[in-house]
Every structure is written in C-alpha cells, then in structure tokens.
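Here is a short report on one model. Read it alongside the sequence and the coordinates.

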Amino acid sequence: MNPFDQQKPIEGIKNILVVGSGKGGVGKSTVSVNLAASLKKMGMKVGLLDADIYGPSLPRLLGAVGQKPQIDDKGKIIPIVRQGMKLMSIGFLVEEGKAVVWRGPMLFKAMDQFFRDVDWGELDYLVIDLPPGTGDIALTAAQKVPINGAITVCTPQNLAFVDAKKAIDMFDQINVPHFGVVENMAYFKQTPEAEPVALFPRGEMSAYLETNKIEKLVEIPFHPTVGLSGEAGIPVVESTPDSEEGVAFAELAKKVVERTQ
Ligand SMILES: Nc1ncnc2c1ncn2[C@@H]1O[C@H](COP(=O)(O)OP(=O)(O)OP(=O)(O)O)[C@@H](O)[C@H]1O
Ligand SMILES: [Mg+2]
C-alpha cells in the first residue's frame with residue numbers, strides 16, 4: 001500500500017501549510033507564528049500546530065506556557081486561543097523542560113490526535129511548525145493529511161543552506177508543493193536608514209534557488225525585537241507591524257494567500 005493513501009483531509013480546514021528547514025534554530029517557529037498572525041490580520045481564520053514534539057516552542061512564543069487544553073463533551077481537545085488563533089502543542093500536554101521519549105508508532109499516534117481529535121473548527125489555514133531535520137514528523141504529517149504548501153526557512157550561510165536543501169528535496173520527494181524559501185536573519189540594520197550589515201557570509205543559496213527555479217519568498221532582517229517579542233509571547237507583526245521585519249512577514253503571508261487561491 002502506498003503510505004500516502006492514508007491521507008485524509010481535516011474537515012473544516014481549507015489549507016494546511018508546513019514550515020520546515022533541515023537546520024535547527026534558523027527561525028522556523030518564529031516564521032510560523034508571524035506568518036500565522038499575518039494571515040489572521042488579513043482576515044483569515046488561522047490555527048497553529050506545534051509539531052515539534054521534542055522541542056515545542058509555540059506555547060512560549062504565544063504566551064501560553066502552562067496552559068492545559070480542555071476536553072469537550074464529544075471528547076475533542078479544545079485548542080488554546082492566543083492572538084485570535086487556535087493553538088495546539090505537545091507543550092500543553094507535558095511539563096516544560098521534561099523530555100518526550102517517543103518514537104515511531106507513538107509519534108504517529110500523537111500526530112493523528114493533533115489532526116483528528118482537536119476541535120479545530122473552520123479554518124482558512126492551519127500552519128504546522130515542523131521540528132528541525134527531515135525526519136519522521138514531516139513524513140507522518142504528509143502521510144496523514146494533504147499539505148497545500150511547504151515553506152523552508154534558512155539563514156544565509158552555507159552551513160544552514162546545505163541542510164535546508166535536504167528539506168527542499170524531502171518536500172519534493174513526498175510530493176508536497178514547495179512554495180519557496182524564507183531567508184531569515186538576512187541582514188541587520190542598526191537604524192532604518194543605516195546600511196545593512198551581513199551577519200553571516202552569503203553562500204550558494206541564491207545561485208541554487210535560481211538554477212532550480214525556487215522562489216526566495218522574502219528576506220527577514222535580524223532584529224532584537226524579534227527575539228524580544230518571542231520571549232514576550234507577542235508576534236512582531238502585532239507589536240511592531242511597521243518595522244522591516246513586520247512588513248516582510250506580511251509580504252510572506254500575502255504570497256502564501258496568492259499561492260493558495
Ligand atoms: N529575524 C530574527 N531576528 C532576531 N532574532 C530571531 C529572528 N528569527 C529568529 N530569531 C530568534 O532566534 C531564536 C531561534 O528561533 P526559532 O525558535 O524560531 O528557531 P527554530 O528554527 O524554530 O528552532 P528549532 O530548530 O529549535 O525549532 C529565537 O530566540 C528567535 O527569537
Ligand atoms: Mg522551532
């Protein structure tokens with residue numbers, strides 16, 4: 001049997017997006033949250049699923065650490081709502097700082113529960129924040145639900161890009177439409193008028209994207225407010241929407257909407 005034959009849409013959810021990268025720490029969770037919040041600001045109904053079973057970040061990024069989702073009378077898990085978005089994370093079910101030691105079948109089961117046992121209601125977009133790497137979770141998600149688009153997050157240097165290429169390749173192999181790459185921490189400006197400073201050496205990303213006809217969707221600058229907003233649980237598109245990073249995230253959301261209409 002083709003494992004992708006198990007794919008079933010989630011009733012009520014129009015589009016499912018995944019945000020991934022081969023590399024850890026490049027900003028997948030930050031991009032997921034700000035993309036989701038930008039879609040919501042465009043009037044969309046949005047849900048966010050933290051599929052990073054081993055390192056869930058979304059509760060912290062949206063100020064929901066320690067929340068416990070309730071179960072309704074039909075036995076469905078009611079997502080936590082933050083910033084007008086429905087949020088589900090393994091982080092709500094285990095204590096922060098405690099390790100989850102799940103493999104294969106349990107992981108499969110957990111993903112199934114996130115998809116089938118959460119009362120997502122009607123959503124225009126469910127944004128899934130993937131863990132680093134090209135492992136089981138992305139594959140499991142793609143086997144269980146039809147994914148409308150994948151976004152790869154990467155920082156400019158080759159050290160990150162060699163791993164991002166593997167993620168791009170994985171999305172191709174599992175037939176998930178790849179929308180393009182978000183170049184995060186692309187540059188830094190001390191003030192809006194200042195010359196941009198490259199924080200990382202530029203590598204082969206641009207040439208590779210051009211050769212393989214992959215779109216660079218947006219460049220997000222490095223800015224301390226992005227980290228601060230994350231710690232405070234408020235996405236930058238809400239706290240500083242007019243900043244260069246806020247505008248870039250809004251641009252990303254616009255492109256995603258164009259691709260999914
Ligand atoms: N554009 C940016 N400017 C400044 N800080 C950023 C930016 N993007 C991400 N960060 C910070 O970098 C750190 C890592 O980001 P994040 O957790 O989103 O990465 P990740 O790829 O999801 O990591 P993991 O692989 O652990 O899941 C966070 O502290 C975040 O606030
Ligand atoms: Mg993350």
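## Helix α3

In which helix is the place of arginine 116? Arginine 116 sits in helix α3. Helices (H or I, at least four residues) and strands (E, at least two) are DSSP runs, numbered from the N terminus. This is a predicted model: local features need pLDDT of at least 70, side-chain atom pairs count only at pLDDT 80 or more, and totals for chains, interfaces and linings use all residues. Residues are numbered from 1 along each chain as its sequence is written, while chains are lettered from A and ligands numbered from 1 in the order in which they are written.

Arginine 116 counts as partly exposed because it has 14 C-beta neighbours inside 10 Å. By the rule used, 20 or more other C-beta atoms within 10 Å make a residue buried, 12 or fewer make it exposed, and partly exposed lies in between; C-beta atoms are placed from the backbone. The C-alpha atoms of arginine 116 and isoleucine 10 are 7.1 Å apart, though 106 residues separate them along the chain.

Leucine 107 also belongs to helix α3. It is partly exposed, with 18 other C-beta atoms within 10 Å. Leaving out residues up to four places away in sequence, leucine 107 touches Ile53, Trp102, Asp136, Ile137 and Thr140. Contact means C-beta atoms, placed from the backbone, within 7 Å.

Helix α4 spans residues 136–144. Its buried residues are Ile137, Ala138, Thr140, Ala141, Ala142 and Lys144. They pack against β1 (13–20), α3 (104–116), β5 (123–129) and α5 (158–173).

The largest nonpolar core has 73 residues. Such a core is a set of buried Ala, Val, Leu, Ile, Met, Phe, Trp, Tyr and Cys residues joined through C-beta atoms within 7 Å. Val18, Val19, Leu35, Val127, Ile128 and Ala141 have the most contacts inside the core. Helix α5 gives the most to this core, with seven residues. Leucine 35 touches Val19, Val127, Phe249, Leu252, Ala253 and Val256, not counting residues up to four places away in sequence.

## Positive phi

Most residues other than glycine have a negative phi. Glutamine 83 has a positive phi, near 50°. It lies in the loop between β3 (80–82) and β4 (85–89). Methionine 185, in strand β7, has phi near 55°. Methionine 185 counts as buried, with 24 C-beta neighbours inside 10 Å.

## Around ligand 1

Of the 21 residues around ligand 1, Gly24, Gly27, Ser29, Thr30 and Val226 come nearest. A residue is near if its C-beta atom, placed from the backbone, lies within 6 Å. α1 (28–41), β7 (178–188), β8 (216–222) and α7 (224–232) each supply at least two residues of the shell.

Methods
Two residues are in contact if their C-beta atoms, placed from the backbone, lie within 7 Å.
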